[in-house]
Amino acid sequence: MASDDSISPASAVITPQDIASMDAITDLKLSKDGSRVVYTIGPAFKSGDNKTSAIWVANTFAEDSAQQITSGEHRDYSPSFCPTSSEQIYFLSDRDEAGSSAHLFRLSTAGSHSDVQRSVASVVQLGDRQGVSSYSISPDGSFLAFILETKVLKKGEKEVIKVWRENKFYNTLQLVDLRDLSKSFRTLVSVDAHVTSFTWSPDSSSIAYRLMGHADLEAQVGLLPVDEMITSISSEESRSAFKYVRPPGSSTVWREQGDFVFLQKFQPSELSSVDTLWSWAQSLQNLSPVAAKYLAYGEINDLSRIVDLQRKSQYVVEVAENLITKFDVWDEDNKFGFTAFQTEVDYSTHNWDMVLTDDGKYVFVALKSSAVFGHLANIWSGTTEFRAKGVLSKKLSSHNPWLNSKVVPQAKPFYWKGSDDVALEGVISYPKGVDLKNRNLPTVIVAHGGPASRDTLGLEFGHSRWRPFLASYGYLVFSPNYRGGLGRGDSFAMAANGVGGIEWLDIETMIEAGISQGLVDPERIGIAGYSQGGFLAALGVTRPNNKFKVGVIGAGITDWGMLAATSDVPDIEATLGGGAPWKSGEPLYLKGSPIKDVKNVTAPLLLVHGNNDARVPLTQAISFVRGVEREAKPNITPQLVVYPREDHGFEETGNCEDVLQRVLEHVDKYLK
């Protein structure tokens, strides 16, 4: 690292060990009265055989009020309050058998910490091969419904010969009477199909649920139609309510008026289309479903989540728009009501919840982080009233205090125009205190994955999030929000179908803008990325006459045809890549496949990949390395590092540390 007063001393640098040992906050859920929030926190990466996490609660209106209420020795997660009590909490846990299927528990937060620990009790008694995948308490607090999974094999049992995708056990819908837990749970739905999600009616008398032939990701994000059924909890009789043309992007919100709202693609038949707001209703005369109706969003923005406010038939949606996020409330007439909250451009939010209280207050909580000010995600709360925009005013938690002793890199938005004159935006990160106009830093292009994602001004670290990590070691990091990503509407997202075209030009023009502004030294540029970002890194180093001095390809796509045939989401990969091997005609997926252009590689390459990656199988990296070794001139020998037991997202502390250390050393060796 070059000497400079603005660059942190070694003791203040953010290390791979820091990142691998950090905590992750998830599962934020407010009590119905808005007074408390419950959430999960645990190590982001596991150091032993099993992941662990604890349940925490905080007073929504009191700063620094977060308190741990379970031990953290087990994997306790997915907590929620009983609708009738802000002290009764339900949650899932593997505490019956570490690392095994989750069972359902509850506790009371009344009394001392030891009282809370003693109050933990099992809600239902399950068999050793049974587990709960999700649950929901009825609005009146009287019942709890859950999806029951039955495993063919227990933890530790040897694999047996099986027929791929053969269904021996289907996920069923079960019901618990919380008024009398001495009663056994009973089956509401058990058919030759999987119950994949469900929603309570506002009056707690019925449940709408979805059925699919397979419960895997391929089915859940594909183009197959999905049935929405309705069952009465008293009669257990089911009827068909609606057929979606493809799986929706959210659970259904069942409103008091009897209609349903949900997230669906702006163009339902297009897998890469963005999520937008839709509704459907039933005829009051014969209960026959009416065609789904598009309501809003998708032209200049898109949605990522919908939350039922459970009062006055109102609900709230999360809107991604450019670099900001908004929470839009919709009213009882299915009309846009108001924006309850909107981020500023210098921070981001995620993992949020909102409730509407009896006195008309909108209470919301969110994880807030800032790459501008160097703040990692913590829980903040805010309140507002109808047609007033609220702010996150109270900081409830202070997790990951290790960052306080570190010198955190800075970030800011970057704007430029694409090759077709379209206005584009992204994020640049750099060492704290550096005047970019007076210092020529080595530059690394780090594109986000997805591509259905975006870079914002939040601060995130991880095994695949290299932007702030590399910036803390003296690099200028350019992260473009290229076409194909979120936050700009459907046309923007769909523009990258048949990859390797406009989205790459967006990256090239960002580099050119950086050079023209005097920020980027054209002789010291590298490229790195993970998943879709790994594909773009592979594409970059195979472009004719490219000037990249180093490349890092993390779980990157190199052959779109092979990916469509082997990924766990084949239909999405075929859509992005431009086709699949089983499609007749010209193999258009070769157009954007870096493997066909390996002869152009001149940069030293590091490839990192999980051995068990189902999204982007290891064969993508192996075939690319073989091609480079045989075709690149001068001879290039890429280094491929394979991480045991890891899927597309890494879980182990040691593997996370190793990835970050290798990425840093490789980039340092050829770019500093």
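This is a predicted model: local features need pLDDT of at least 70, side-chain atom pairs count only at pLDDT 80 or more; totals for chains, interfaces and linings use all residues.
## Residues with positive phi

Asp 27, a residue other than glycine, has a positive phi, near 60°. Asp 27 is placed in strand S1 (residues 23-30), and because its relative accessible area of 28% falls between the limits of 20% and 50%, it counts as partly exposed.

Ala 555 is also a residue other than glycine with a positive phi, in this case near 45°. Ala 555 is found in the loop between strand S34 (550-554) and helix H8 (560-566), and with a relative accessibility of 0% it counts as buried.

## The catalytic domain in the record

An unreviewed UniProt entry lists residues 468-672 as "domain: Peptidase S9 prolyl oligopeptidase catalytic". In the model, this span is 40% helix and 13% strand, and its end C-alpha atoms lie 17 Å apart.

## How helices H6 and H7 meet

Two packed helices are described by the angle between their axes and by the distance between those axes. For helix H6 (residues 502-516) and helix H7 (residues 532-541), the axes come within 11 Å and cross at roughly 75°. Angles from 65 to 115 degrees count as roughly perpendicular, and H6 and H7 are therefore described as roughly perpendicular to each other. On the H6 side the contact is made by Glu 503, Trp 504 and Ile 507, while H7 contributes Phe 535, Leu 536, Leu 539 and Gly 540.

Helix H7 is mostly covered, since 10 of its 10 residues are buried. Among the buried residues of H7 are Gln 532, Phe 535, Leu 536, Leu 539 and Val 541.

## Surroundings of Arg 186

Arg 186 lies in strand S12 (residues 186-189) and, at 32% relative accessibility, counts as partly exposed. Leaving aside residues up to four places away in sequence, Arg 186 touches Leu 173, Gln 174, Leu 175, Ile 233 and Glu 236. With Ile 233 there is a particular pairing, in which a polar atom of the Arg 186 side chain lies 2.6 Å from the backbone oxygen of Ile 233. Gly 577 is 391 residues from Arg 186 along the chain, and the C-alpha atoms of these two residues are separated by 46 Å.

Ser 279 has its place in strand S19 (residues 275-280) and is buried, with a relative accessible area of 7%. When residues up to four places away in sequence are not counted, its contacts include Phe 260, Val 261, Phe 262, Lys 293 and Asn 334.

Asn 655 lies in helix H11 (residues 653-671) and, at 9% relative accessibility, counts as buried. The side chains of Asn 655 and Glu 646 are joined by a polar contact of 2.9 Å. Beyond residues up to four places away in sequence, Asn 655 touches Tyr 643, Pro 644, Glu 646 and Phe 650.

## Cysteines

How many disulfides does the model contain? A disulfide requires a pair of cysteine sulfur atoms within 2.5 Å, and by this rule the count comes to 0 disulfides. As for individual cysteines, Cys 82 counts as buried at 7% relative accessibility, and Cys 656 is buried as well, with a relative accessible area of 0%.

Conventions
Residues are numbered from 1 along each chain as its sequence is written. Side-chain values use heavy atoms; hydrogens and water are left out. Buried means under 20% relative accessible area, exposed over 50%, partly exposed in between (1.4 Å probe, protein chains only). Helices (H or I, at least four residues) and strands (E, at least two) are DSSP runs, numbered from the N terminus. Contact means heavy atoms within 4.5 Å. A polar contact is a pair of N or O atoms within 3.5 Å; within protein, one must be able to donate a hydrogen and the other to accept it, and residues adjacent in sequence count only if both atoms are side-chain atoms. UniProt positions are given in the numbering used here, feature names are shortened, and annotations may be inferred rather than shown by experiment. Axes are lines fitted to C-alpha atoms, for helices over the stretch in contact, and angles run from 0 to 180 degrees between N-to-C directions. Angles under 35 degrees count as roughly parallel, over 145 as roughly antiparallel, 65 to 115 as roughly perpendicular and the rest as oblique.
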